[in-house]
Amino acid sequence: MDKGIGKSTLVEALYGRDEVENGNSSLNNTIFRLRRQLETAGLPEDPYIEIKSGLCTWSKNIPVWVDVHEFGKLVEKAEGTPDPYEKTSFYIQACGLYRGEFLPIMIGEEWATVANVSYQEMYFKCLREVSELLKQQREYEKVYQLCTSAAQIYPFEEWQILRIDSLIAMNRYKEAMDVYEEATKMFFDELGLTPSKKMLDRFQTMSGHIQLPVGSLTDIKEEIREERHEEGAYYCTFPSFIDNYRLVSRMMERNGISSFLMLCTLTDSSGRPLEKTEKTRDVSERFQMAVRRSLRRGDLYTRYSPCQFLLLLSGTNQENCSIISRRIDKTFKEEGGGRNKIRYLVTSVVDMKEHEADKLSFSNVTW
């Protein structure tokens, strides 16, 4: 900034894509209008932008503070000091200056895009470095605050996991579970992603530590029972489905009751899995209603992806699975499934437990 910027560089940046007869004259007019606007805004009278030997510089009479320049200086200071506490302080200040995309209204310009990517990578590096330093210093609340701010700008899994980990470290398991549920819902609704193994590991950790007040058996029974009697299959989240599947697998070892896992994939009329769109969301909701109506109260189901559902069918056999698939097809049509089809894959829970690949595939019904 002290050395100035060449007029030709500014002309190219401002008018490079426009058909301008005289770029130099247009730049002079722009600078003149800018001076008038600054004075009209109530700033002191000054040329602000000085032009000398073909270079444009900011007037030394007007002090200027630019956040991106300060951001870069703080990062340099952090990287240049060996003291972990000074390093932490500089990184925290740098992270506090970052507000998201660099000049978003100019993101179409190549130079702005390059700068935006550079600052974003620098910000991510700062976050990772300072999070590690703060964890070593047991400053978990600061990790949580920094990563919460980051998640508001970039809701990536990395920052959500750091938020959860910091809350777990502070024994705030209920808050950590709230972050988990909020993040996994967002990932699924916006990106169609189910919880990763890292997320599921956190879920198991949190579930094992959430403590409830001491209560009587009557109170506990009242709290855990269903609020109202509903017909049809029981819907649960994917992590809960995993726990239920493992429980049923264990129960089969004792009582021998057969259980089957059914994967239902929504497809278009040509048999291609539906892509994630608003229309797919509507079709998925109609299919979910069809599943709930078609299965028994003792059956379980969950949504695995935007176009896939998992069903856990207990006390049945392969022949009945075929009957169930036809019943779902019929109900789905009644629910307004249109020309969409359902592709079924079924395997016994015993087969999966023994790592066998024997699967039964049912044909789709064409409407």
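Thr331 touches Ala290, Arg293 and Ser294, leaving aside residues up to four places away in sequence, where a contact means heavy atoms within 4.5 Å. This is a predicted model, in which local features need pLDDT of at least 70 and side-chain atom pairs count only at pLDDT 80 or more, while totals for chains, interfaces and linings use all residues. Residues are numbered from 1 along each chain as its sequence is written, and side-chain values use heavy atoms, with hydrogens and water left out.

Visitor: In which helix is the place of Thr331?
Guide: Helices are DSSP runs of H or I with at least four residues, strands are runs of E with at least two, and both are numbered from the N terminus. Thr331 falls within residues 318–334, and that helix is H13.

Visitor: Is Thr331 buried or exposed?
Guide: Buried means under 20% relative accessible area, exposed over 50%, and partly exposed in between, with a 1.4 Å probe and protein chains only. Thr331 has a relative accessible area of 8%, so this residue is buried.

Visitor: The backbone oxygen of which residue lies 2.9 Å from a polar atom of the side chain of Thr331?
Guide: A polar contact is a pair of N or O atoms within 3.5 Å; within protein, one must be able to donate a hydrogen and the other to accept it, and residues adjacent in sequence count only if both atoms are side-chain atoms. The backbone oxygen 2.9 Å from the side chain of Thr331 belongs to Arg327.

Visitor: How many aromatic pairs does the count come to?
Guide: Rings of Phe, Tyr and Trp (its six-membered ring) pair if their centres lie within 6.5 Å; planes under 30 degrees apart count as stacked, over 60 as edge-to-face and the rest as tilted. By this rule the number of aromatic pairs is 17.

Visitor: What kind of aromatic pair do Phe102 and Trp111 form?
Guide: Their centres are 6.3 Å apart and the angle between the planes is 80°. Phe102 counts as buried at 16% relative accessibility, whereas Trp111, at 40%, counts as partly exposed. The pair of Phe102 and Trp111 is edge-to-face.

Visitor: Why is the pair of Phe102 and Tyr119 tilted?
Guide: Phe102 lies in the loop between helix H4 (84–97) and helix H5 (110–136), and Tyr119 lies in helix H5, 17 residues apart. Both residues are buried. With ring centres 5.3 Å apart, the pair is tilted because the planes stand at 50°.
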